[in-house]
Amino acid sequence: MIILVGYATVEGQTRKIAEAVAAAIEKAGHRALLLDVTSGGEYAVAHPEAAILCAPVHAARYPAAFAAFVGQEASWLNSVPSAFVSVSLLIRSEFEEEQEEARQFPDALLAESGWRPGLVHHAAGALRYTEYDFFKRWIIRRMAEYENAPTDVSRDHEFTDWQALSAFVQAFLSEAKA
């Protein structure tokens, strides 16, 4: 099976997640077409038979170019097995109401676009302190203190549960073959 793994990324963690999804697909004997959907590139090298899209949430929304891609491709996405990986730090919050908020982020995107993915996975992202400018690092560190998240700004902190992501890809592949 040929599977489009489309993604948008802001700080790089979603690209890393998409690369892991693509690697899991290929390890299972399928072909993955990895595409940054914000690049404007074409994915029609071969007609994908399924799709897994990955996007991060920043300020309670997905990147505009990702939302535009989903809106443009919703008809095709609904015609093949498809899944969505929503990336947000809130999903790892110790506060249940914040986790619930993270679980609801896809709702507006899916309602607006009409896309109906068969599966949705919520993955935690990363704090990339070493890549932030002074002001952003200061703000993010203050937010991290509130969340009891790591505040060591001398290094990055990754929260993605790679085993859960791999299990999600396997579940998608099983369902897509059915």
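**Terms and values**

Guide: The protein has five helices and seven strands. This is a predicted model, in which local features need pLDDT of at least 70, side-chain atom pairs count only at pLDDT 80 or more, and totals for chains, interfaces and linings use all residues. Residues are numbered from 1 along each chain as its sequence is written, and side-chain values use heavy atoms, with hydrogens and water left out.

Visitor: What makes a stretch a helix or a strand?
Guide: Helices (H or I, at least four residues) and strands (E, at least two) are DSSP runs, numbered from the N terminus. Along the sequence they follow the pattern β-α-β-β-α-β-α-β-β-α-β-α.

Visitor: Why does the radius of gyration agree with a compact globule?
Guide: The radius is taken over C-alpha atoms, and the globule rule is 2.2 Å times the number of residues to the power 0.38. For 178 residues a compact globule would have a value near 16 Å, and the protein has 16 Å, so the two agree.

Visitor: How do you know that helix H3 bends at Arg-103?
Guide: The bend at a residue is the angle between axes fitted to the seven residues ending there and the seven starting there. At Arg-103 of H3 (residues 96-113) that angle is about 25 degrees, and Pro-106 follows within four residues.
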